[in-house]
Amino acid sequence: MFAEMLKHPRALVLSLVMHLAVIALMVLNLQFADRPKDIKGGQLEKTVQAEMVDLKEIEQQKQQKLLEEKRRAEAEKKKKQQEAKKQADQKKREAEQKRKKEEASKAELKKKQLAEEKRKQEAARKQQEKQAAEKKRKADEARKADAKRKADEKRKAEEARLATEKRKAEEQRVAEEKRVAEEKRKAEEKRKAEAAKIAEEKRIAEEKRKAEEARVAEEKRQAEEAQRRAEAELKARMVAEERQQKLNSLRELYILAIRQKVERNWLKPAGSGKMPVCEVRVMQGPGGIILNVDIGSCDGSTETYRASIQNAVYRAEPLPTPEDPELFERELNFFFNPSEQ
């Protein structure tokens with residue numbers, strides 16, 4: 001309860017003053033009752049003033065206490081901020097130390113890698129030297145074996161040469177006999193080839209003649225086909241143009257019928273002022289059902305005049321249908337001209 005009262009210091013002070021005043025009055029009354037002749041008005045005033053001074057001191061002490069608490073809170077806040085900054089600095093130093101440690105580890109790893117690479121290169125060099133020595137030894141052995149092989153080959157070549165000369169003499173005799181026989185065969189083949197050439201030339205000439213006849217016939221057929229296609233396209237284009245002209249004429253009649261029906265249902269508004277030609281935009285559904293009406297360009301018109309046109313369109317429902325269903329348009333635009341009424 002006392003803590004709750006401290007939340008309202010002004011009310012607490014006022015309550016204390018009132019209680020002290022009541023106590024003072026009671027004391028004064030007792031003093032007057034016991035010693036009525038000794039009590040003076042000045043003494044009572046001094047007593048009350050003394051009580052008021054005590055209350056002011058109490059109030060000042062409370063204010064001083066509040067200030068002290070505020071200063072302690074600010075000091076505590078500042079201390080916490082300093083502590084947080086100190087922790088942040090500590091974390092930053094730890095991060096820097098960690099980074100330096102990682103860099104040192106990387107440098108050490110790189111140093112080990114370089115040492116390992118150097119060791120491998122040295123081992124490779126020794127291996128190459130060993131291989132070169134082995135290669136030289138084998139080359140010497142191969143050279144000696146090759147010299148022996150060449151000597152054997154030379155001996156065998158001489159033997160082979162003598163045998164070859166003997167064989168060539170025999171082959172020359174057989175070759176001469178074959179040459180004579182070959183010349184006879186070639187002469188016969190030449191005669192047959194000449195006869196075959198003449199027959200082939202006749203066949204090629206006949207094929208060219210037939211191909212030329214076929215080409216002429218194909219060109220004639222293609223020309224006739226192109227002429228038929230051109231005639232068919234011309235006929236189709238003429239039919240399409242006639243169809244489009246008819247549709248254009250029917251569309252003009254269709255729009256005219258709608259505009260005339262709207263104008264028949266138009267009621268000239270009183271005091272409408274200037275009545276210009278206005279663009280009318282109609283959104284319709286199947287059967288001429290009107291879904292929406294907007295007035296487009298209508299310079300110098302009044303709201304009343306435009307509303308009369310919209311009402312005339314709605315009174316014209318259902319709108320006339322086109323003679324050809326292909327001409328039906330969901331969105332229609334036409335011009336309303338009151339001067340034609």
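Tyr-305 counts as buried, at a relative accessibility of 0%, where buried denotes a relative accessible area under 20%, exposed one over 50% and partly exposed anything in between, computed with a 1.4 Å probe on protein chains only. The model is predicted, and for this reason local features need pLDDT of at least 70 and side-chain atom pairs count only at pLDDT 80 or more, whereas totals for chains, interfaces and linings use all residues. Residues are numbered from 1 along each chain as its sequence is written, and side-chain values use heavy atoms, with hydrogens and water left out.

Tyr-305 belongs to helix H4, helices (H or I, at least four residues) and strands (E, at least two) being DSSP runs numbered from the N terminus. Helix H4 comprises the 13 residues 303-315, which should span 18 Å at 1.5 Å a residue, in agreement with the 18 Å that separates its end C-alpha atoms; the expected span is 1.5 Å times one less than the number of residues. The buried residues of H4 are Tyr-305, Ser-308, Ile-309, Ala-312 and Val-313. They cover an arc of only 140° around the axis, which places them on the same side of H4, the arc being that of the directions from the helix axis to the C-beta atoms. An α-helix has 3.6 residues a turn, so residues three or four places apart point the same way.

Strand S1 (residues 278-284) pairs with S3 in the antiparallel sense over 6 bridges, and Met-283 has Glu-331 in S3 as its bridge partner.

A search of the whole structure finds 2 aromatic pairs. The rings of Trp-266 and Tyr-305 have centres 6.4 Å apart and planes at 90°, so this pair is edge-to-face. Rings of Phe, Tyr and Trp (its six-membered ring) pair if their centres lie within 6.5 Å, planes under 30 degrees apart counting as stacked, over 60 as edge-to-face and the rest as tilted. Trp-266 is buried, with a relative accessible area of 9%, and also forms an edge-to-face pair with Phe-336, at 5.2 Å centre to centre and 70° between the planes.

Terms used: Two strands pair if DSSP finds at least two bridges between them.
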